[in-house]
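Okay, thanks for making time, everyone. Let me put the model up, and then I'll walk you through the parts I'd look at in a viewer.

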Amino acid sequence: MPALSQLSPEALSELRAGLRQEYEALKGQGLKLDMTRGKPAPEQLDLATEMLALPGNRDTTADDGTDARNYGNLQGLTETRALFAPVLGAPPEQIVVANNSSLALMHDVLVYALLKGVPGGDKPWSKQEPIAILCPVPGYDRHFALCEGYGIRMIPVPMTGAGPDMDVVEKAVADPAVKGIWCVPQYSNPSGETYSDETVRRLAAMKAAAPDFRILWDNAYAVHHLSDERPSLANVIEACAEAGNPDRPIVFASTSKVTIAGAGLAMLASSAANIRWYLAQAGRRSIGPDKLNQLRHVRFLKDAAGIAAHMEKHRALIGPKFDAVETAFAARLEGYEVARWSRPLGGYFITLDVADGTATKVVALAAEAGIALTPAGATHPYGKDPDDRTLRIAPTFPKLEAVRKAAEAVALCTLLAAVEAKLDA
């Protein structure tokens with residue numbers, strides 16, 4: 001099929017008429033499909049049903065004799081920290097295991113930095129000139145919401161396919177007001193890319209004007225593979241220590257998309273100094289996490305091999321959904337040169353870049369046809385995509401047939417919006 005730019009006005013009008021007819025038929029189907037958030041499907045949650053019977057009525061004692069039913073142990077059980085040490089890339093003594101939400105950990109770290117400052121800084125972030133955080137785009141809307149909610153200026157940094165554009169990052173951190181950078185380093189949300197070794201090295205070694213600069217390393221998809229081809233992510237904690245910046249990274253992860261989303265574990269790993277700092281602040285708001293849930297996870301997952309085997313079951317459930325989106329997009333959109341989409345090796349999202357200036361219209365057309373998509377602009381700070389181009393597709397939660405129907409519908413809306421924009425130009 002010819003590229004849209006090669007079609008005559010008459011051919012475009014004819015194509016539009018056919019697409020409009022298809023679209024009216026689509027609306028007549030009465031669909032109600034939700035592709036807005038990257039949630040595990042019920043079948044994925046079922047994979048961890050056995051956990052509901054763990055650790056058992058009499059199995060409440062940790063390896064070191066701790067009674068998991070009681071208060072205390074703010075840092076988390078030793079065996080739980082050891083279980084996730086390979087995932088986080090840190091020794092157990094440099095890990096904190098908390099309750100279910102890694103977003104809550106990110107929130108607390110940000111608020112503690114604002115109110116109390118961090119190691120290496122001479123005052124709280126809130127007592128300094130208006131600060132900024134670098135935000136790779138497309139990126140995670142909840143990172144942006146945290147910054148916006150606390151009045152932190154966001155500076156967009158383009159992604160390159162190997163992580164954020166480091167030339168832009170290195171130039172930006174020459175400003176002492178720039179205090180950090182958000183990163184989803186493996187299977188990035190939503191682009192799916194994994195940071196290259198060179199990107200990690202430059203992040204670790206770059207000269208930042210702010211001595212209290214932090215890399216907020218949200219490694220949410222560290223074990224969420226969709227392919228046998230598995231990119232290797234360099235260890236940011238080791239890289240920063242080797243570069244003489246041991247306190248720079250704070251690593252976050254969770255089991256929200258591993259075991260039970262609402263009853264998982266959240267984790268934080270960093271330098272010894274940062275761990276001491278975090279525990280000193282956290283000790284004022286909690287006497288300790290749910291250690292029975294920590295035991296539950298240890299009993300269920302057991303070790304690194306157990307985690308890997310469990311995640312293969314997830315892959316078997318959601319891999320076909322990603323394949324269905326790829327098939328639908330390729331069948332309808334390839335050749336017209338009106339859209340590009342990612343083909344991720346892992347994670348939870350597909351990025352769809354539509355014709356410039358049409359993302360908002362695609363979302364509106366899809367909504368009118370009964371398909372809910374994440375709002376256009378959600379992948380950028382303040383909800384403003386300057387090109388009105390990037391959409392995040394979340395295929396994990398609906399049933400496979402629903403994903404297929406939704407992807408076909410989104411592809412139709414994408415092409416229709418592009419044709420109409422071309423005719424209106």
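Let's start with the largest nonpolar core: it has 56 residues, and Leu4, Phe329, Leu352 and Ile371 touch the most other members. By nonpolar core I mean a set of buried Ala, Val, Leu, Ile, Met, Phe, Trp, Tyr and Cys residues joined through side-chain atoms within 4.5 Å. Buried is under 20% relative accessible area, exposed is over 50%, and partly exposed sits in between, with a 1.4 Å probe and protein chains only. The elements that each supply at least two residues of this core include helix H1 (9-27), helix H11 (304-333), strand S10 (350-353) and helix H13 (400-424). H13 gives the largest share, 14 residues. Helices here are DSSP runs of H or I with at least four residues, strands are E runs of at least two, and both are numbered from the N terminus.

Before I go on, the ground rules: this is a predicted model, so local features need pLDDT of at least 70 and side-chain atom pairs count only at pLDDT 80 or more, while totals for chains, interfaces and linings use all residues. Residues are numbered from 1 along each chain as its sequence is written, and side-chain values use heavy atoms, with hydrogens and water left out.

Back to Leu4. Which residues is Leu4 in contact with, leaving aside its neighbours within four places in sequence? They are Leu12, Leu15, Tyr336, Val338, Leu415, Ala418, Val419 and Lys422, where contact means heavy atoms within 4.5 Å. Apart from this core lies another one, of 50 residues, among them Leu88, Val200, Met267 and Leu301.

Now the sheet. It's open, with 7 strands in the order S2-S8-S7-S6-S5-S3-S4 and mixed pairing; two strands pair if DSSP finds at least two bridges between them. S2 (95-98) and S4 (153-158) are at the edges with a single partner strand each, so one side of each has no neighbour in the sheet. From one strand to the next, the twist averages 20 degrees. For angles, axes are lines fitted to C-alpha atoms, for helices over the stretch in contact, and values run from 0 to 180 degrees between N-to-C directions.

S3 (residues 132-137) pairs with S4 in the parallel sense over 6 bridges, and Pro136 has Val157 in S4 as its bridge partner. Helix H9 (residues 272-282) packs on the sheet, touching S2, S6 (214-218), S7 (249-254) and S8 (266-269), and its direction makes about 30 degrees with that of S2.

Next, the loops. Between helix H2 (42-46) and H3 we find Pro55, and the Leu54 to Pro55 peptide bond is cis, with omega near 0 degrees. Asn73 is in the loop between H2 and H3 too; its phi is near 55 degrees, a positive value in a residue other than glycine, and Asn73 is partly exposed at 25% relative accessible area.

The loop between strand S5 (178-183) and helix H7 (197-205) holds Pro190, and the bond from Asn189 to Pro190 is cis, with omega near 5 degrees. Tyr187 is also placed between S5 and H7. Is Tyr187 buried or exposed? Buried, at 1% relative accessibility, and its phi is near 50 degrees, again positive in a residue other than glycine.

That's my tour, so over to you.
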